[in-house]
Amino acid sequence: MKRLFLVFTLFGLLVTFGAPALADGHCMDELGCVEIGPDEPIVIGAMLSVSGATSFYGEDSRGGVELAILGRDNMLLGRDIEFVVEDSLCSAEGGQAAAQRMAADETIVGIIGTTCSGAAQGALPIISEAGMLMISPSNTSPSLTNDDRDAGGTYLPGYFRTAHNDLFQGALGARFAVQELRVGSLATIHDGDPYTEGLAVVMANTFGGLNGDVVFQGAVSKGDTDMSAILTEIAASGPDIVYFPVFVPESEFIASQLVNTPGLEEALMMTADGSFSATFAQNTGDAAVGIYMTGPHVSGDAYDAFLGMWREEIDEAGPPSGFHAHAYDGANLLMDAVEAVAEEMDDGTLVIGRQALRDALSSVEAYDGLTGSLTCQAASPYAGDCATGDALAVFSITEAEVAEGNWPPPIVWTPSMASGG
Amino acid sequence: MFKWKTDEFSWVDFTIDVLRILIVLAIVVGSWNTLSEGRISFAQWVNLFIAGLSQGSIYALIALGYTLVYGILLMINFAHGEVFMAGAFSTVFLAEALNRTGFLNQSPVLAILLMILFAGLVSMTVAILLERIAYRPLRGSPRLVPLITAIGASFFLQYTFRGLYGSGFKAYPQVKILQGALQIGSINIPTVQIFVFASALVLMFGLYWLVERSRIGKAMRAVSENKEVARLMGIDIDWVILFTFGVGGFLAGSAGVINGMFRPQGVNFFMGFIPGIKAFTAAVLGGIGNIPGAMLGGLFLGVIEAIGPNLVLAGLGIPGANQLKDVIAFTMLVLVLIFRPQGILGERLSEKKA
């Protein structure tokens, strides 16, 4: 028994200290390296919400990454590119599970994802600990790029995103409400998700800062169908505008029940990119007409070419949501970084340092992407933020979106129309 | 001295008494605070109450399925929420088609009846297959076995329907005739809520008639009383049990359509889970196995959920009161289990049934 124990201990020691030394013959990186043999492909991972209520986001981003890879003819540094997608759902548990599967695969150079901010909070500790990096095309919660733990920040090294920080989106909504709609009082509803709560708080703070009156801040829970209780409470506060940056279907329930709540018939409604899909307008029905919505907005010739490619390669109907261009940019940033840091050994093995890869992304400056000029910042509260917040707009839903499934809705305001920054 | 007191003193009873007093105190203080603040007007309370009744009648229709099956087999059919989903999810496609052809708004009464019938039949089929395939082979085995099978069946049904119809969210089309509201003084009652409540009442009355007045109802009651003796009287037990599942399924399916008229959005493969659990709570609240109890329990739960957060929790200064709606529902379940395990209308269960 004792001898067996000794054998195990020795074996364990060998595995712990010996194996990396054997494998890392040419790796000088402090976080270790990805080594790719001469005939092996370069593996890019993705953690996206590809099932359930928010699957339209995941599919949207997946298409963006696929087009970015296709744009390079599936080749990087003379190797094939392999794209692996894990379902991260839209929850912390889903993100955690996907991250564990990603971290277990040592051939993955970098990850695009997650879709939801909640999932990122579950995934990031594992990805960061494993020395990997993730570039999210659609996480927008401010907490993810904030390293101040007391303020609820959850930033860890290895996190990047090409999506806008909600510090921009919430502020845009508030400025639109005050400067353009000229409303005086606001009520906010979130659903406990860090993304929705963050957005509601930023909106309320900015609105208050612009001399608006925040009369109600409340929350529902995911899965609620009956919103009459909170809407009655809101009606008692009599706001001019109700802001509910929650996901579908909760946002659909809120919108369709709000118009029938006595005292709120005249209230304006605003939601955010959590409901940015054609089905939101169709499922909500007539109540959706006139709802304002903040969301991603990308334009330009390069983007039109991208859309043409999407219709040709993926789906005639076009992208299902608004984060495909962010995913496209994220995948290109990652592939550029891999090209920059990869070293080819004499035996044909590619060696990619994990820390070097993170550094390469952190030093991205004025990258000309579909979503505008990207500069990855290093300082909290924007640590890992590559987007500037210019690729945003306020949309307004009309009859055409409800009846004919037209998407996206017409734009009524953009950041450049804001006065006083 | 004081011997009689020390003898009877028990910490369990004491704790429960203290709990009782604390709960009553919390409810009284919370309600008092809210009402004295006067933020919410009388008309708004009435609106909340009526919305709660409508939501509650949907719970009640589903709860009846739990209670019918429990009454006869003494088992909790945890897949019943999925039976509800099956009808609601399948009928959304019929509703879309009816809406496209314009039939839905031309003759809404006929269209809704058609939808209810269709959903009822789909759910009935699912419930009957469930009994025949998953539960009947296990009849007579220890009680834990069918319970766990029910949970498995619930997952099976969820993911079968996800495979059939996809994982996206659907919504019922709006029926023009159900829009708008009935004005009584300063109170606006949405037409759709009157429809929900009325149609639920009709269905419940139908069930009551079936169980109490019809021949098969008599057989159901006999089987519920004592299976062996019922068999000796020449009742085909298997058929009666199948019939019971079918009736429960039909009610759940029609609840799916009624729910679709009331809260049109959020139709997907997972939509049966929460209503299923809420309806189970309602069935326990009313006294499981007791038919009027399930109706009452459902209505009670709906109203408590609608009024509770604003009345009690907001008054106690609890932040995010509306997020705690489910907490209220499940706290009710725990309280009933502690203080009145037999439910509001339930009789104390005999050894055999308990």
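Let's start with a sheet in chain A of this predicted model: 7 strands form an open sheet in the order 9-8-10-11-12-17-18, and their pairing is mixed. Which strands stand at its edges? They are strand 9 (213-219) and strand 18 (411-413) of chain A, each of which pairs on one side only. From one strand to the next, the twist averages 30°. At the strand 9 end, strand 8 (residues 185-190) of chain A runs parallel to strand 9 of chain A, and 6 bridges join the two. If you want a spot to look at, A:H190 stands opposite A:A219 in strand 9 of chain A.

Chain A also has an open sheet of 3 strands, in the order 1-14-13, and here the pairing is antiparallel. Strand 1 (33-36) and strand 13 (343-344) of chain A each have a single partner strand, so one side of each is left without a neighbour in the sheet. Helix 12 (residues 354-362) of chain A packs on this sheet, where it touches strand 1 and strand 14 of chain A. The direction of helix 12 makes about 65° with that of strand 14 of chain A. Strand 13 of chain A and strand 14 (residues 350-353) of chain A run antiparallel and are joined by 2 bridges. Across that pair, A:E344 stands opposite A:L350 in strand 14 of chain A.

| Strand pair (chain A) | Bridges | Direction |
|---|---|---|
| Strand 8 and strand 9 | 6 bridges | parallel |
| Strand 13 and strand 14 | 2 bridges | antiparallel |

Now for the domains. Chain A is divided into domain 1 (33-163 + 323-374) and domain 2 (167-297 + 392-417). Their C-alpha centres lie 31 Å apart, and 13 residues of domain 1 of chain A are in contact with 13 residues of domain 2 of chain A. On the domain 1 side, helix 4 (residues 117-129) of chain A gives the most, with 3 residues. That side divides into 5 nonpolar, 8 polar and no charged residues.

How far can you trust the chain A model? The mean pLDDT of chain A is 88, with 93% of its residues at 70 or more. Within chain A, confidence is highest in strand 6 (residues 134-136), at 96, and lowest in helix 1 (residues 2-23), at a mean of 55. Over residues 18-24 of chain A, pLDDT stays under 50, and the model has 2 contacts beyond four places in sequence for that stretch.

Turning to chain B, helix 2 (residues 11-37) and helix 13 of chain B pack at an angle of about 85°, with their axes 6 Å apart. That makes helix 2 of chain B roughly perpendicular to helix 13 of chain B. Helix 2 of chain B brings B:A26, B:I27, B:G30, B:S31 and B:T34 to the contact, while helix 13 of chain B brings B:N310, B:L311, B:V312 and B:L313. By class, this contact has 5 nonpolar, 4 polar and no charged residues.

Finally, the two chains meet: 29 residues of chain B are in contact with 32 residues of chain A. On the chain B side, helix 3 (42-73), strand 2 (187-190), helix 13 (291-313) and helix 14 (325-339) each supply at least two residues. Which element gives the largest share of that side? Helix 3 of chain B does, with 6 residues. The side of chain B that touches chain A divides into 11 nonpolar, 14 polar and 4 charged residues.

Note on methods:
Residues numbered from 1 in each chain as written. Chains lettered and ligands numbered in written order. Predicted model: local features only at pLDDT ≥ 70, side-chain atom pairs only at ≥ 80, totals over all residues. Contact = placed C-beta atoms within 7 Å. Helix = DSSP H or I, 4+ residues; strand = E, 2+ residues; numbered from the N terminus. Nonpolar A, V, L, I, M, F, W, Y, C, P; charged D, E, K, R; others polar. Pairing = 2+ DSSP bridges. Axes fitted to C-alpha atoms, helices over the stretch in contact; angles between N-to-C directions. pLDDT = per-residue confidence, 0-100. Parallel < 35°, antiparallel > 145°, perpendicular 65-115°, else oblique. Domains from an automatic or database assignment.
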